[in-house]
Amino acid sequence: MFRNLRRIALLVFSWSLLFAAAPGWAQSSGTLEGAVKDPSGAAVAGATVEITYAVSGYRRETTTGSAGEFRFTNVPFNPYHLAVTAAGFASYTQDVEVRSSVPTTVAVSLKIGSAETSITVEAQGADLVETDPTFHTDVDRALFDKLPLESQSSSVSSLVTLATPGVVADSNGLFHGLGDHAENSFSVDGQPITDQQSKVFSNQIPAESIQSMEVVSGAPPAEFGDKTSLIIKVTTRSGLGQSKPTGSVKASYGSFGSVNGGFDVAFGGAKWGNFIAASALSTSRFLDPPELQAIHDKGNQENLFDRVDYQLSGADTVHVNLGYTRSWFQTPNTFDNLNAGLTDLQNNPVGQTDQRSLIKTFNIAPTWTRLVSATTLLTVGAFVRQDQYGYFPSGNVFADQPATVAQQRKLTNAGLHADVSYVKGMHNIKAGATFEHTFLTEIFNFGITSPLTNPVCLNADGSADTNPTPTDPAQCTGALQPNPNFVAALGCIDLSRPAPAAADNCPGGQSALFPFRGHTDIKQLGLYVQDTITKGNWAFNLGIRGDVYRGIVHDTQAEPRLGVAYNVKKTKTVLRASYARVMETPFNENLILASQGASNPVITDVIGGQSLPAPIRSGQRNQFNAGFQQAFGKFLVVDADYLWKYTHNGYDFSAFGNTPIYFPIAWHNSKVDGVSVRVSVPNYHGLTAFTILGHVRARYFPPQVGGLGATVAGGEVFRIDHDQAFQQTTHVQYQPWKSLPWVAMNWRYDSGLVASNPNLVDFPTALGFLDADQQAAIGLYCGNQVATLTNPLTAAGCAGQTNFGAKLLNFPAPGTGNVDRNPTRVTPRNLFDASVGDDDLFHGDRYKWSLRFTVINLTNKTTLFNFLSTFSGTHFVAPRAYTAELGFHF
């Protein structure tokens, strides 16, 4: 281990000594500063300086000081159009790029001219394209603030899904980037967050705290490691330099009794700033339920975010992010979970299933930066983030059918990063290191509550005997016969038979919950060096990364990264290509138990006697990207990318029954390829629009490694349940004048995820597998018969029918079903969302009132995210929902 560590460290740090060094998981924003002078060299005070990036909608404005100085901090890395106006001088414009945390300095010299106090800043073709080897999407608050979002409790997930090409929408705030299952990471002001951010795992950073996002979906540069299918670089809002406090207070009410309220405020001075955002949500449809009707689906969430900036001196700055989020929610029920007529062992009615979850998350991330010279910036940072997840069973465990589950899980991620940035001439050199230490604790309890799950005896007709008295097949006498599939090892956790056979050797001689308690810690070290070289129309990104992983398994890997881009300025075209070798690490959530596999006999028996290999090892990926960016005139840019990636040990999750508890698994390998396209229309007389398109093929190859749940039967190649042939989002917003209301609309098309359960391979197989509730949920039909809760379809009733299928699932034609080439899929869907609002109802100056009205799923489309997926279960898309929001701004 130490030999490998020394080799990687020597390689990386020798590069850093050669080139001069900079950050790992570097900050995603920089500083743009300068001075405005007249032709004689005298300072021009009171000049207006504006920077814009038309593609993302970014716009900032400031006024020069007494020495003509101006400064923009917290500026995302992008090309900008800078414009300066001052009374008595001609307008000045210049294109400038911010590509490093080292401050970018601009000298502005104004010419005497007409007393022009304002100009209209329009994008030029050159402003719309970037000579960048890595495919990415930029979105600023000015654009996404009016975007109708589908989920209030996971708004960041909705934002990424709607604004980024190649991203597949899934339930409960989950999104799949470019054919992978949640292989995404966040970089929040330079802090790496690679753990799951879906609302059934953790709590996301609130959308109110975000100023801008850059979503990297191409081959990642060397500064990024671990989970890199999507890298969401977040720049949070700051109060630095905000001498007059600004903020807002908002409240909303909508469908499902949803109540949302919150405030944000930014205030500070020339050398300090504070931004605070707080919000709270309560709703009766917190998770996406397994039925169209939300049953037992209440939840609430509270967020608090605070960013503090303080400039200690002209060279030293301290920045701290603080966050706390709490969410509580019920596990949605199916009609089967209502348990009508069901009693426990004492013949007491058990009532409906009442399973709940509680998640608490806190985050502390201080960072210190020192400007060593005009070309060099030192950054030292630390972070600690913790998720506490609790899953609680029903008060009467027999209301949980066919099993009851309880869990307490804690994930604490702490780390350090120290880095230096060096920019000079054509070189933008970065080298650095990040160390993370993750502490995992898992307490998991599980027990069988239905006598039908593991019956000791069978009746004469072959049905299960539900009498709790027989505990040994030898006791099956008379009309009863022994169950040949009885698993004696499960007797100790079968609560429906409280007195198991003595041969089972149960502790205390009684059935009890399966007890599991595990703890481990994981250490990760990432080292890298890279140089972004800009020479004429060319840009090269050359780097190497080394990752060391020490957890349940030990892995080490060196990862070269290469990228090249060429700007054909005459045609406003950028061509690019890139390659990355990446080491991916296993998901941390429920990793300890999932890694036991065949070493734990209970796991083997729970998943039907399959002996799964374990533990889950790190994945190795080769990724290739090629694409182009093309500007057409001033108001249209097309960005397209093709990717191909091969991963040894491709990751996914397996769902544990009808619960939001998921266990990580790995497949032997995966092959993914696809195309992503984004078409952007920057602001044109108040009209802004974009369209994103994506097509991905995600093929996975058995065998499965690890996990605790159902697996895909057989050993053949299959399409994973987040494989989708095509998806697109079109967003349009229009506001002709700032004094008038605005309108925004989304159109989302999804061709349908794979229904990965092997029992859904075709209609006849599904007919014999689905119960009445499941048949009714998808609208199963044959001939003139449509399944209902009280009248399910039968094989005999559908015999000879040629007209059969389901309203919400597309089954392959008889004899053509194939889990790889022609799988069953969710039916395609078109969803429309709309918002209309007024940001200044009463045309105030210092204080303003706003009002907006949003409709999600405008046409009230009934459709599914997924159905009986072995990896995520069944979830319906929300029906039409209305929200009205009132805001006060100052």
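The model is predicted, so local features need pLDDT of at least 70 and side-chain atom pairs count only at pLDDT 80 or more, while totals for chains, interfaces and linings use all residues. Residues are numbered from 1 along each chain as its sequence is written, and side-chain values use heavy atoms, with hydrogens and water left out.

**Disulfides**

The structure holds two disulfides (pairs of cysteine sulfur atoms within 2.5 Å). Their geometry is tabulated here.

| Disulfide | S to S | S-S torsion |
|---|---|---|
| C457 to C476 | 1.8 Å | about -85° |
| C782 to C798 | 2.1 Å | -75° |

The C457 and C476 link is left-handed because the torsion about its S-S bond is about -85°. This pair links distant parts of the chain, 19 residues apart. C457 sits in strand β24 (residues 457-458), and C476 in the loop between β24 and β25 (481-482). Helices (H or I, at least four residues) and strands (E, at least two) are DSSP runs, numbered from the N terminus. Both C457 and C476 are buried. Buried means under 20% relative accessible area, exposed over 50%, and partly exposed in between (1.4 Å probe, protein chains only).

The link of C782 and C798 is also left-handed. Here the pair again joins distant parts of the chain, 16 residues apart. C782 belongs to strand β37 (residues 780-782), C798 to helix α8 (residues 795-798). C782 is buried, with a relative accessible area of 1%. C798 counts as buried too, at 8% relative accessibility.

**Backbone geometry**

A cis peptide bond runs from A614 to P615, with omega near 0°. P615 lies in the loop between α5 (601-606) and β30 (619-631). The bond joining P702 and P703 is cis as well, with omega about 10°. P703 is placed in strand β33 (residues 687-705).

N339 is not a glycine, yet its phi is positive, about 55°. It occupies the loop between β19 (316-330) and β20 (356-373). N339 counts as buried because its relative accessibility is 10%. K572, a residue other than glycine, has a positive phi near 60°. K572 is in the loop between β28 (554-568) and β29 (573-584). Its relative accessible area is 29%, so K572 is partly exposed.

**A polar contact**

S101 lies in the loop between β6 (92-98) and β7 (104-109). S101 is buried, at 9% relative accessible area. A polar contact of 3.1 Å joins its side chain to that of S421. Such a contact is a pair of N or O atoms within 3.5 Å; within protein, one must be able to donate a hydrogen and the other to accept it, and residues adjacent in sequence count only if both atoms are side-chain atoms.
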